[in-house]
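This briefing goes through one protein model, topic by topic. Please look at the sequence and the structure first.

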Amino acid sequence: MNKEDAIRYFTEYMSTNQDISAAVAAINTLIEYLKLSQAETLAGLRDGLKECIRWLMETDSSVTAISSGCELFLRFITLAALDHKNFDECKKILVNRGNIYLDTVAGSRDKIAKLGHPFITHGANVLTHSYSRVVVKVLIEAFKAKKRFNVFVTESCPDKSGLKMAKELEDIGIPTVVILDSAACYLMEQIDLVIMGAEGIVESGGIINKIGTYQIATCAKVVNKPVYVVAESFKFVRMIYPLNQQDVPDEYKYPASKMKNNADLNHEHPLIDYTPPAFITLLFTDLGVLTPSGISDELIKLYL
């Protein structure tokens, strides 16, 4: 599988499986790469997988989610020793482990929804930002529990992904109102809780998410409203430890197409921002309900 084949497979998988994240699509691509690889040693196979990850990070999908998900995938499939002398048998074992990992992450949203929905109380006004499949799952679970609540969704420019979020919630029957991004602070006094997804959770317990997340979390903190983050553990990012917005690498903030064309980033709007842990109340993951300070402990466990 060459670069063009890998990117084509990834893109087609994303378009035909719209309910999955970029990280899961990337992991599926890596498993396909494993099956087709012509490498003759485990070292060569691992180098090829890392090269494939670099190819996928050149797409305009979430670099944060792809890098963290693939890093954990590589860690999972190579964690145990491979004692087989036959290289083909080793490849089969790695593919099998990859499928096991996919099965494991497939149930992540259900676990998070069960942990998160009790925090959405009957009659609550909920504010969310952009589009998040995990947030949708949590809200559906609360709705199934016969709770009645109102959801306010930011329009989320520049791609207006909040409109997609609102449409899905309205189709379910959850009362939903789309608001301007700039109206979040105006509305915050009426809000009971803020719930948002994340493209990545960093070691400090802060999150990388759609641009505008930081200002909403800041506003919520000022008026003492809880901010809950829901995200799968494969979005735990080990590679960066930002202290401010400038510490987040440019490849996380700007589309790969802009980086590749050497665009003047001073004239480009970043796609994501970093929200420090001080502005987050709790994080709901498939590993449990965590405080921001507990994230580093979980990352250590994942990479031991």
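Which strands make up the open sheet of four strands, and in what order? The order is E8-E5-E6-E9, and the pairing is mixed. The model is a predicted one: local features need pLDDT of at least 70, side-chain atom pairs count only at pLDDT 80 or more, and totals for chains, interfaces and linings use all residues. Residues are numbered from 1 along each chain as its sequence is written, and side-chain values use heavy atoms, with hydrogens and water left out.

**Sheet of four strands**

- Helices (H or I, at least four residues) and strands (E, at least two) are DSSP runs, numbered from the N terminus.
- Strands pair if DSSP finds at least two bridges between them.
- Strand E8 (236-237) and strand E9 (272-275) form the edges of this sheet, each pairing on one side only.
- Strand E5 (residues 200-202) runs parallel to E8, and two bridges join them.
- Ile-201 has Phe-236 in E8 as its bridge partner.

**Sheet of seven strands**

- Another open sheet is formed by seven strands in the order E3-E2-E1-E4-E7-E10-E11, with mixed pairing.
- Its edge strands are strand E3 (176-179) and strand E11 (288-290), each of which pairs on one side only.
- On average, neighbouring strands here are turned by 25° against each other, direction ignored.
- Helix H6 (residues 108-116) packs on this sheet and touches strand E7 (227-230), strand E10 (282-285) and E11; contact means heavy atoms within 4.5 Å.
- The direction of H6 makes about 140° with that of E10; axes are lines fitted to C-alpha atoms, for helices over the stretch in contact, and angles run from 0 to 180 degrees between N-to-C directions.
- Strand E1 (residues 125-128) and strand E4 (residues 193-196) run parallel and are joined by two bridges.
- Val-126 stands opposite Leu-193 in E4.
- Helix H10 (residues 213-222) lies across E1, strand E2 (150-154), E4 and E7, at about 155° to E4.

- The protein is divided into domain 1 (3-107) and domain 2 (112-303), with bounds from an automatic or database domain assignment.
- The C-alpha centres of the two domains lie 26 Å apart.
- In domain 1, 22 residues are in contact with 19 residues of domain 2.
- About 1700 Å² is buried between the domains, 57% of it on carbon and sulfur atoms; buried area is the accessible area (1.4 Å probe) that two parts lose on being put together, summed over both.
- Five residue pairs are in polar contact between domain 1 and domain 2, both residues at pLDDT 80 or more.
- A polar contact is a pair of N or O atoms within 3.5 Å; within protein, one must be able to donate a hydrogen and the other to accept it, and residues adjacent in sequence count only if both atoms are side-chain atoms.
- Zero salt bridges are found across this interface.
- Helix H2 (22-36), helix H4 (63-77) and helix H5 (87-106) each supply at least two residues of the side of domain 1 that touches domain 2.
- H4 gives the most to that side, with nine residues.

**Salt bridges**

- The structure holds 11 salt bridges, each a side-chain nitrogen of Lys or Arg within 4 Å of a carboxyl oxygen of Asp or Glu.
- One of them joins the side chains of Arg-109 and Asp-19 (3.5 Å, N to O).
- Arg-109 is in helix H6 and Asp-19 in the loop between helix H1 (3-16) and H2, 90 residues apart.

- Most residues other than glycine have a negative phi, and most peptide bonds are trans.
- Ser-156, not a glycine, has a positive phi of about 65°.
- Cys-157 and Pro-158 are joined by a cis peptide bond, with omega about 10°.
- Ser-156 lies in the loop between E2 and H8, and Pro-158 lies in the loop between E2 and helix H8 (161-172).
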